Amino acid sequence: MDETLGQGGFGALLRTSRRAAGLSQQCLADRVGLSVAAIRDLEQGRTRRPQRDSVDAIVAVLCLTGDTEMTLRRAAEETGTVHPVRVRVLGPLRVSRGTADVAVGRSMRRAVLGRLALSANTPVSPSDLTDVLWGGRIPPDPRHALHTYLSRLRTALRSGPDDIISRTSGGYQLNLADGRLDLADFRRRIGQARAAEPVRALDLLDDALALWRGSPLSDVAQLRDHPLVTAVVEERIAATLRFADLALASGQAGRCLPRLRELASTSPLHEPVHARLIAALAAGSLQASALQAYAEIRRRLVEELGIEPGPELVQAHRRVLRQESPPPARAADDRPALLPADIARLDDMLATDRHPPAIVITAVSGTAGVGKTALAVHWAHRVRHRFPDGQLYVNLRGYDDGGQTMDPGEALRGFLYALGVAAERIPEGVQAQAGLYRSVLAGRRMLVVLDNARDAEQVRPLLPGDAGIVVVTSRSQLTGLVAVDGARPLTLDVLSAGEARELLAARLGAAAADTDRAAVARIVGACARLPLALTLAAARVQVTGFPLAAVAAELADSSRLLDVLDAGDRMGQIRAVFSCSYAALSPAAARMFLLLGLHPGPEISAAAAASLAAGTAPEALALLAELTRASLLSEPFPGRFVIHDLLRAYAHEQARARLADGDRDQSVRRLLAHYLHTAHAADRQLNPYRDPVVLPAPPPAVVTEQHADPAAALVWFGREHAGLLAAIRYAADHDRPAACWQLAWAIATYLDRRGHWQDWTVVARLALDAADAHGDRLGRAHASAGLGRAHGWLGRHDDAIAEFERALAGFTEIGDRVGQATVHSHLAWLLDRWDRHQEAYDRIRQALHCYEQAGVRPGVADALARLGYHEAKVGRPRAALDKSLRGLALHRRLGNQRGEAITLAMVANIHQYLDEVENAVSYYERSADLLHHAGERYYEGRCLAALGDTYRDSGRLTDARVAWQRALDILTDLRHPEGDVVRAKLRHSRQSIHL
């Protein structure tokens, strides 16, 4: 041990570090697996040379920043107890050093580490890390925050002279040697298995799959849907399928069965996984379980997707019924590299071996470029042997850019010629030609592919008369064909992230696509996972030879996006493909499509669209439905419409070219007014006694929405969250300062209740900058007040004080007494969080004075209640009770149920200071009940948490856990960060029981 510490020096340092970390001796003993006596001996210097693992564990638990941590590590190094760091991502994120876990920190640091680990030993760009941490809601100074997270991670992970996280020209890199990252170990064993003989490959795959502990990075919320995580999941599935094939082929079904059961439980709709599970159960003489497994997967497919099992599942089921052995394992490179999942839906038409009893039609629809024709043609070639009497194909040119849609008569004549009917035998008129066509097809087993149909009317004359298999593709949903002719709808969506990567890998080669996975992920995102766009992006890489990162950077520039995805001919231009769909729209729907290009958010409601178009909500809904039928929009939730990013870019470009400047300006003005007035109405539901701002009258033809109660208002805010943030950013960027700060004010209560404090800082800064730039003193004061509140919640106390002081000066300058009172209340709240109770009390007194001067009685009632709350904290609980009860009486006279409920909680708190526990419990219970009936779920959760604390302090631990659980349920449902505090109380209470 370092002699500079002196005898007992390590113990003294350990004691200081433990206290700085807020840990008791008992808690530290529990964390590191020692007795309290052993910790006490260490701290008192009675143990000169502690055990290696013990010191290592203590160092990991007391992982602090600064000199203390470094000295503690030096002491550990002298004892030879520092072990290398090991990172595990194949399950919840875990970091260990020796036998001890390393405390990485909170969610943001865990997200940074998880992202670096996914690309270990490869640089990750700062922008990539920023995207993971904040997505589209980047804070004002992301670089500083990112540097802070990385610095703390370096400190926590350091295990020697070299940093485990290094800065390179390409970004930040997590340096992990072999054996220190489970993902790398997994991939190394998989690679070895590919080159090994079957027996050895089986063992290697078994070892690789044994490294998995659940879903990768399952406890890092920011990475759950990340493309690299999705890719890792797919790697596991592929390895498990290969492992199962080898095990079944070698007669070792029992060896793969546990892995298949586990994977099937996490992939309930993955047909190849369940097919292997059925085969393994049957091979293990568990035929009844195999049949039950098939019945369960079939039920899920039918109930959740509306489809029957595909051929692989059907064959596995048949083999069980016939008691056949599973097929031999295929070589790893024998599998198709990319096979559309929707082929199973088409195969369903051929599920029976006999001639179909009637015409079977599948209508394949989807947006331009999604791969409808590719799917239909691929499938037709795949099953052509099933149709010995022939196959018919025609491109109906339903969305031809020249407007030359094929007449059904022309298609019929082409079919009749192909069927050998002489020209002189073909009658005049579509009806007569259709009759002859059906007569010729009678009794034949034919496959008919009608590609690129415009509508059901174009298709109907081309349908066989009594039997046949027909596949129709269209950008329209062909609802009439489904409703009248019994067609089965199959809507193609854009690819999943994994499928999109596979498509790029198929075009570029797996090795090339693997060289820069981050760039591949950015290309996938920029191309909106649209197959045509991905194909064009891959072609640009192949033709130009540009690195993947360079093409990704080109696509990231929205002004160049459509130009980059241009192969120079009509078939290879995104614009040309989209223009065909646009040209087929009615004039009103075409204008709506252009206007949607002006909308800044990710999705839109009928009311917002009506405001854009200066129409009514029913009129807008009809136009949005037309765009949805044309596959230019999707409707993921009733009444909510989404346009994918490439179509948005095209719509925006066309809107600038086709709409006059004044038309665009008035449309956006109406849209912002819709959001402002609807958000203001929703805010009044959440906080009806909040001091309001005066809004300008909305322009004509603006459609606003009203909300029945606070719950409905919260739902609306939740759905419009991203759209509102985008609207505020748009207002800031387009010189609309009043709309910017008023919108930021209108969503503040919602952001506060939900704990979206980072978002609050972003919009408040935008509002402050916009108001400053235009000399809007009122807007500047309101924006500073909101920014101060957000800073306070985030623990940035100095910043909060500075903003509150600016706001107070602004409100004082313009003589706004209500604004001054609000800021004094905010300052009291912040000072109370610092335990500066006398100063908080003084601020509330000033707030009360301002409210009394302004004659705002709800404010007076609230200030009286809070005055009592703070007076109790400065040691005058009896006088405090009188003031809060006066506030309570005034709230009741005003009919302010929310104010009454919150004041009841304050009175309960004062009774706690008076040691009147039963009274405190009674008031908290009444407050929680009233808040529940008022729909104030956030404050109900806080009240229940305080009630649980009161129960605990009075020894009623069971009641405390019930109250905390109710609070946790509410706060979790609201996704509010304060739920973590309540969760910790519940966890600690359970540990206390076990102790």
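**Salt bridges and cysteines**

Author: Let's start with E720, which is buried at 0% relative accessibility (buried means under 20% relative accessible area, exposed over 50%, partly exposed in between, with a 1.4 Å probe and protein chains only). Before we go on, this is a predicted model: local features need pLDDT of at least 70, side-chain atom pairs count only at pLDDT 80 or more, and totals for chains, interfaces and linings use all residues. Residues are numbered from 1 along each chain as its sequence is written, and side-chain values use heavy atoms, with hydrogens and water left out.

Reader: Which residue forms a salt bridge with E720?

Author: A salt bridge here is a side-chain nitrogen of Lys or Arg within 4 Å of a carboxyl oxygen of Asp or Glu. For E720 the partner is R640, and their closest N and O atoms are 2.7 Å apart. R640 sits in strand 13 (residues 640-642) and E720 in helix 34 (residues 710-733), so this pair ties together parts 80 residues apart in sequence. Helices (H or I, at least four residues) and strands (E, at least two) are DSSP runs, numbered from the N terminus. R640 is buried too, with a relative accessible area of 6%.

Reader: How many salt bridges does the structure hold?

Author: It holds 41. Another one of them joins the side chains of E653 and R575, at 2.8 Å from N to O. E653 belongs to helix 32 (residues 645-658) and R575 to helix 28 (residues 574-583), so the contact links parts that are 78 residues apart in sequence. E653 is partly exposed at 27% relative accessibility, and R575 is partly exposed at 22%.

Reader: Which residues are linked in a network of salt bridges?

Author: Look at D203, D206, R255 and R259, which are linked that way.

Reader: And how many disulfides does a search of the whole structure find?

Author: A disulfide is a covalent bond between the sulfur atoms of two cysteines. The cut-off used is a pair of cysteine sulfur atoms within 2.5 Å, and the search finds 0. As for individual cysteines, C850 is buried at 4% relative accessibility, and C943 is buried with a relative accessible area of 4%.
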